Amino acid sequence: MSEPILSVHNLVGGYGKMTILNGTNFSVPPATITTIIGPNGAGKSTVFKAIFGLLRLREGKISFAGRDVTNLSQRALLNAGICYVPQGRNIFPELSVRSNIELGGVAAGKGLDLPARIEAALDLFPALRRKSAQQASTLSGGEQKQLEIARSLLLEPKLVLIDEPSIGLSPLMVQQTFDILKSLRDRGVTILMIEQNARSALEISDIGIVLELGQTRMVDDAKRILNDPRIGQLFLGGAMEESAA
Amino acid sequence: MSNLFDLLVAGLATGAIYALVAVGFTLLWQTSQTINFAQGEFVMLPAFLMLAAMHAGAPFWLAIILGILLSMILLGLGFKMLLVDPMMRHGVLPLAIATMALAIGIKEAVKQFFSAEASPFPSIVPTGDVSILGHAVSLQSIGVLVVAILAVVGLTTLLNRTSLGHQMQAAAQNPTVARIIGVPVERMILLTFLINAFLVALASLLITPIYLAKFSSGEVLGQAAFIAAIVGGFNQVRGAIAGGLLIGVLDNLAAAYVSTQYRAAVPMIFLIAVILFRPQGLLGRAEERTV
C-alpha cells in the first residue's frame, strides 16, 4: 500500500468531561474512498471534527501529507488541502447558487482564479449550472448536497471529509452523489466518508473502517468488511466481542 | 392634494432615516443575535459628539467626521467588546436587557454631562424650498432622502455584489458552516457593528436638525426603528428599508389626518396588526428556532 495521505494516531478527546475518542488510530491511503462505519455514539463525526480542528484533542496527533496538522485553524487546513462537508444542510439559503460556490474560495486569498474554478465546479454539476442564478434555498435536498460538494471542490482539495452525504436523499440522488465521489477519487482526490447507509457506501469504497466506542475496531478492504458476518451484528446493536464469542 | 404630497415627501424623508436605523438593527440581529434596545440612543448620541467637537472649536465638517469616527469606536467596537461579547455568553435575553440598561445609561449621561435642554443642530442641507410638480418641497426633505438612499444603495451593493458582503451574509446565515469554509466570522460580525455605528451616526446627522439634539430623542427613534424592523421582517435588510419608509409615511399621515396626540399610536396599532396576521413581517421569512 502507498504512503498514507492521512493518519490519526491515538486520538483522545470529547465534549466537556465526556470522552468520545478513546485512542482512535487509522490511516487513509491517497486516491481512495474510505468509509467509516459504526453504531451511533461511536465517535464517527467526532473524528471528523478532530481532524478539522473543531475539537480540542487531549491527546493524539493528526498527520496529513507528511505534515503535522493537529489543531490547525480551519483556514490553514483548507489551504493545506483538506475540506469538510458536515452532516445535514450546510448551504447559505439566501445567497445564489453561484455565490454559495464562490464562497468556497474564501480561504485561498488573491492568487486563485476564482471564475475559472467556479466554471470547473459547475461543469461537474449540470443541475447546479442550470440553477446558478437562483437562491440556494430553492434547490432540492440532493442538489443542496451537490452544492456543498461543488463548494468544497473550489480549493481543489486533496482530501474531502464528508459526513453522511446520503442522509435524507432519494435512492436516485444517493446513487448520483456516490457517482460524484467515485469520479473525484478517479481524479486523485481522497475521500473519507461517514455513512449510516453502510452497505451502499462500502460497495463504492476501497477501504472500510469500523469504529466503536471511540476506538478503531477494524480497518480492512471494503469488500471484506461488507462480507463480514460480524458487521451486520454490530449494526443490530451487539458489540463485536459478543458476536465473536 | 398639495397637502398630501407634502406629507408623503416629509414622511418618506423621516422614513428613510428610520430605515437606516432599522437596517442597522436587523444587521446586528442577523449576525450576532443582538437585539439592541439602545439603538435609539445610538442615534441620539452622535449628534452630541458632533456638538461637543464644535464646542471645542472644530468646524462643522470636521465635527461630522470626528462624530462618525467616535461613534464607530464607541458604538461599534466598544459596544461589541465591552457589552455584547461578555453578555452574549449568558444568552440573547440577558444581552437584550443589558442594552436597555445601556440606553438608560447613555440618556442620563448626556443629560448630566451635556444638557437637559434641546440644542439646535446645523443641517448639512441648505434650508429653503424647491418646486417639484408645482409643489414646494423643502430641500431638507430632499437632502435627507438622497443621503439615506445613497447609504442604503451603498450598503446593499456591499452586501449583495461583493465577496466581502457575501461573507458577511454567510456568517449571518450559517456561522458554523461559514467557519468551516474559512470565512473569518468574528471579523464579519465586528464589521456589522461598525456598519451599524456608521448608519446611526448618519441617521443622527440627518434627523437632529429636524428634531433638535435632546437626550430623550432616542426613545421615539428607537421605537420607530424597532417597529420598522419588525413590520418589514426582522431578518431582512430590504424588509427594514420598506418598514422604515412605511412607518415614516404612516406617522406623518396619522399626525395630519388622525390626531397629533395619537400619532405614535398608529404605527403601534399597525405593528400589532402585522404581528397578528403576518408575524414574519411583510418581507421577512419565518424562522425556526428551538426554545
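This report describes the strands, helices and chain contacts of a predicted model.

## Basis of the description

In this predicted model, local features need pLDDT of at least 70 and side-chain atom pairs count only at pLDDT 80 or more, while totals for chains, interfaces and linings use all residues. Residues are numbered from 1 along each chain as its sequence is written, chains are lettered from A and ligands numbered from 1 in the order in which they are written, and side-chain values use heavy atoms, with hydrogens and water left out.

## The four-stranded sheet of chain A

Chain A has an open sheet of four strands in the order 2-1-4-5, with antiparallel pairing; helices (H or I, at least four residues) and strands (E, at least two) are DSSP runs, numbered from the N terminus, and two strands pair if DSSP finds at least two bridges between them. Its edge strands, each pairing on one side only, are strand 2 (18-28) and strand 5 of chain A.

Strand 1 (residues 6-15) of chain A runs antiparallel to strand 4 (residues 57-64) of chain A and is joined to it by six bridges. Across this pair, G13(A) has L57(A) as its bridge partner, and H9(A) stands opposite K61(A). Strand 4 of chain A is also joined by two bridges to strand 5 (residues 67-68) of chain A, again in an antiparallel manner, with F64(A) opposite R67(A). Strands 4 and 5 of chain A form a hairpin with two residues between them, and A65(A) in the turn has a positive phi of about 50 degrees.

Helix 1 (residues 44-51) of chain A lies across strand 1, strand 2 and strand 4 of chain A, and runs at about 75 degrees to strand 2 of chain A; axes are lines fitted to C-alpha atoms, for helices over the stretch in contact, and angles run from 0 to 180 degrees between N-to-C directions. Contact here means heavy atoms within 4.5 Å.

## The six-stranded sheet of chain A

Chain A also has an open sheet of six strands in the order 6-7-8-3-9-10, and its pairing is mixed. Strand 6 (82-85) and strand 10 (215-221) of chain A are the edge strands, each pairing on one side only, and the twist from one strand to the next averages 15 degrees.

Strand 6 of chain A runs parallel to strand 7 (residues 159-163) of chain A, and four bridges join them; in this pair, C83(A) stands opposite V160(A). Helix 7 (residues 171-186) of chain A lies across strand 3 (33-37), strand 7 and strand 8 (190-194) of chain A, running at about 150 degrees to strand 8 of chain A.

## Helix packing in chain B

Two packed helices are described by the angle between their axes and the distance between the axes. Helix 2 (residues 39-55) and helix 9 (residues 217-232) of chain B have axes that come within 7 Å and cross at roughly 130 degrees, which makes helix 2 of chain B oblique to helix 9 of chain B (angles under 35 degrees count as roughly parallel, over 145 as roughly antiparallel, 65 to 115 as roughly perpendicular and the rest as oblique). The residues of this contact include G40(B) and M44(B) of helix 2 of chain B and S217(B) and L221(B) of helix 9 of chain B, and they divide into three nonpolar, four polar and two charged; Ala, Val, Leu, Ile, Met, Phe, Trp, Tyr, Cys and Pro count as nonpolar, Asp, Glu, Lys and Arg as charged, and the others, Gly among them, as polar.

The axes of helix 2 and helix 3 (residues 60-88) of chain B come within 8 Å and cross at roughly 135 degrees, and these two helices of chain B are therefore oblique to each other. Among the residues that meet are F42(B) and L49(B) in helix 2 of chain B, and F60(B) and L74(B) in helix 3 of chain B; by class, this contact has 16 nonpolar, two polar and no charged residues.

## Where the chains meet

Between chain B and chain A, 16 residues of chain B are in contact with 20 residues of chain A. The two chains bury about 1,500 Å² between them, 63% of it on carbon and sulfur atoms, where buried area is the accessible area (1.4 Å probe) that two parts lose on being put together, summed over both. Q173(B), I180(B) and I181(B) supply 41% of the area that chain B buries against chain A, more than any other three residues.
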